[in-house]
Amino acid sequence: MDTVPVLFLTGLVVGYFVLAGCDIGLGMLMPYLARTPTERRRLVSAAAPYFLGTEVWLVGAVGVVAGLFPELKSALFGGLWPVFTVLLAAWLLRDAGLWFRARIDTGSWRRGCDALIVGGSWVLALSWGAVLAGLISGGAAPSPFTVACTLAVAAVFLLRGAAFGAERLVPAETGEAASADDAGRLTRVLARVALGAVAVTAVAAVLPGGSAIERPLVLAAAALVPAAALAATAGLSGPRLSRHTSAVAIGSAPLLAAAAQALPLDGPPAGTLALAGIAIVPLVPLMAVGQVGLYRMLRRPASDTGFFASPPAPVLPPRRGAVPDPAIRG
């Protein structure tokens, strides 16, 4: 196993989950956090820029797997291709909802796009949970363990979205918003739900026929990291701590698969590796700097207008000769 390519792939995968948790989790929480048209516009405006940068990490990870780890590609897309097919469909539909929501200014169109955003986000989170459950269980048939693991991953996505929403859903004009307050309160609740789901998953893993984990002790030790992060968040509300602990919890999820199973990570021939290094390595600093810059730029509260958010209806001046309304006179 070549250490450098494995570390590079690990960084891409962990980076994707940490960043994708923001927009996917926020999309999952849209019905609860965005009840009015203004709140929905702001939520879309908050989530949309993140999915553009996040998908670069996913595309990069897929390219590295396809080019440098052919055996891992066969293991992933061979046994789990039905789950990846559903995941890809949800990815496209969710993105379509984000891209096209503001293109037609009608209520029915926006409601349809909102349904794509919410449904696609939920299916994305559950699909990633199913992928990780399949890898951790060694490709075993669906069982209580795979179901519990899928739901635990979805709960961590929700926590990441709530922590992100507590920062980004505050209006820039007033600095106060019910949706941001609701997201802040959810962080404590969702951390407890996720911690409970992790405990149920651990119990299901040791049941007869629950899974075929090759390295249970290594997995148990690795699982202490997300469990500790969730426990630290379970007693507090708001984004101050949960923005970090939710990132640790969701970033640890793909690492648990590597801890549980001996994945086929034998690298390619030296010539292929050198060629990939020449093509990829110079782009890594640009990706990192660009993502950090995007994150810092978008940490401020989101606007409810923009390319991805429908602008509010303009206030037209009164027509010439019209009688002014007494209620607004003076």
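Me: How do you know that the length of helix H10 (residues 239–260) agrees with its number of residues?
Reply: H10 has 22 residues, which should span 32 Å at 1.5 Å a residue; its end C-alpha atoms are 31 Å apart, so the two agree. The expected span is 1.5 Å times one less than the number of residues. A helix here is a DSSP run of H or I, at least four residues, numbered from the N terminus. The model is predicted: local features need pLDDT of at least 70, side-chain atom pairs need 80 or more, and totals for chains, interfaces and linings use all residues. Residues are numbered from 1 along each chain as its sequence is written, and side-chain values use heavy atoms, without hydrogens and water.

Me: Where is the kink in H10 centred?
Reply: On Pro254, at about 35 degrees. The bend is the angle between axes fitted to the seven residues ending at a residue and the seven starting there.

Me: Why is Val118 called buried?
Reply: Its relative accessibility is 16%. Buried means under 20%, exposed over 50%, partly exposed in between (1.4 Å probe, protein chains only). Val118 therefore counts as buried. Val118 lies in helix H6 (residues 107–136).

Me: Which residues does Val118 touch, not counting those up to four places away in sequence?
Reply: Gly27, Met28, Met30 and Pro31. Contact means heavy atoms within 4.5 Å.

Me: Why is Phe100 called partly exposed?
Reply: Its relative accessibility is 45%, so Phe100 counts as partly exposed. Phe100 is in helix H5 (residues 81–100).

Me: What makes H7 mostly covered?
Reply: Of its 25 residues, 22 are buried.

Notes: Helices (H or I, at least four residues) and strands (E, at least two) are DSSP runs, numbered from the N terminus.
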